[in-house]
Amino acid sequence: MAYSEKVIDHYENPRNVGAFEKDDIEVGTGMVGAPACGDVMKLQIKVNKDGIIEDAKFKTYGCGSAIASSSLVTEWVKGKTVDEAQAIKNTDIAEELALPPVKIHCSVLAEDAIKAAVKDFKDRSQK
Amino acid sequence: MANTQQNYFELFGLEPNFFVDQKDLSSKLKRLLQSAHPDRHAQGGSQQQMLAMQKTTRLNDAFAVLKNPVKRAQYLLQVEKDLDTTKDHTVNDPEFLMQQLELREELDTISRQKDASELMGFAEKIEQMSEQQEAELGDLFQQNPWDLDALKVSIYKLQFLHKTLHDIELAEDKILD
């Protein structure tokens, strides 16, 4: 199956690979996996005191589409509020990357990862 | 004539059970494949041969499922509980997934260093973890009644470990090249 140009671009030049200190109060970490393909995705956001996402990092072990989906999401969320980030839909990711039907679950995984990261940030900042 | 209603366990004359004697399974497959071989039905005409071929395909499909602990467990839940655990779904288990991510990172480092003995040690570790996970899955299937949620967790954990084992094989190919 041929990957779209955008997927290849993100796969070959992934944006924002790396990690933040997960215990940092400004950081939210989303950790998700897809058992059927064995993909593991970690997506982190760094939120300033106005609730704006200043930076995002990811680390994904999986296929090209999973890497591209998480790379794209880290680009998209920068400058967004956490609530805006939470509203990102997998269909938008799939459309942007022109993912074929069999790879839609990769975009679902990325959506679940950003949701988990925002939830983790909110849970810990309320403590 | 092949009874297509038989499930994979029945096809091999087995009770639906997670515990399958792999040696017994292999020898049964050999025997069943021989009797279903299309050449044996050469006099039966094309329809008989077609049926024999279908039977062969089904036997091979069944064998592939029964010999693999993940597929066998999923099939057993399907047959006994009408529960499909094969669909794509997201796992939210930060602690376990973090451990899996760290293992993949470790494998990444070993592959980059092209360290064959390091890789062998790593492979042994993951195989051990995988065996332990399979044993846990077996224990869960021995409980009565089954704890379906615990079974689902145990199955996906084994799936992630199998994926790491698969990645180890790819790394082995790379290093040995």
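Predicted model: local features only at pLDDT ≥ 70, side-chain atom pairs only at ≥ 80, totals over all residues.
Residues are numbered from 1 along each chain as its sequence is written, and chains are lettered from A in the order in which they are written. Local features need pLDDT of at least 70, side-chain atom pairs count only at pLDDT 80 or more, totals for chains, interfaces and linings use all residues, and side-chain values use heavy atoms, with hydrogens and water left out.

We can begin with the interface. Chain A brings 20 residues to the contact and chain B brings 18, where contact means heavy atoms within 4.5 Å. About 1,600 Å² is buried between the two chains, and carbon and sulfur atoms give 67% of that area; buried area is the accessible area (1.4 Å probe) that two parts lose on being put together, summed over both. On the chain B side, B:Thr90, B:Met98 and B:Leu101 supply 31% of the area buried against chain A, more than any other three residues.

Next come the pockets. A pocket is an open set of points on a 1 Å grid over the protein atoms alone, where a 1.4 Å probe fits, with protein on both sides within 12 Å along at least five of seven lines; lining residues have an atom within 4 Å of a point. The largest pocket holds about 670 Å³ of space, a volume being the space filled by probe spheres set on the points, which are joined across faces, edges and corners. Of its 20 lining residues, A:Tyr61, A:Gly62, B:Asp108, B:Asp167 and B:Lys174 lie nearest the centre. Two or more lining residues come from each of β3 (53-61) of chain A and α5 (94-113) and α7 (148-176) of chain B; helices (H or I, at least four residues) and strands (E, at least two) are DSSP runs, numbered from the N terminus.

The second largest pocket has a volume of about 340 Å³. Its lining counts 14 residues, with A:Thr29, A:Met31, A:Ala116, A:Asp120 and B:Pro94 closest to the centre. The most, 5 residues, come from α5(A).

Finally, helix α4 (residues 90-97) of chain A buries A:Asn90, A:Ile93, A:Ala94 and A:Leu97, buried meaning under 20% relative accessible area (1.4 Å probe, protein chains only). These buried residues fall within an arc of 95° seen down the axis of α4(A), so they line one face of the helix; the arc is that of the directions from the helix axis to the C-beta atoms. Their cover includes α1 (5-12), α2 (64-77) and α5 of chain A. After α4(A) comes A:Ala98, with a positive phi near 50°.

Notes
Buried < 20%, exposed > 50% of the residue type's maximum accessible area, 1.4 Å probe, protein only.
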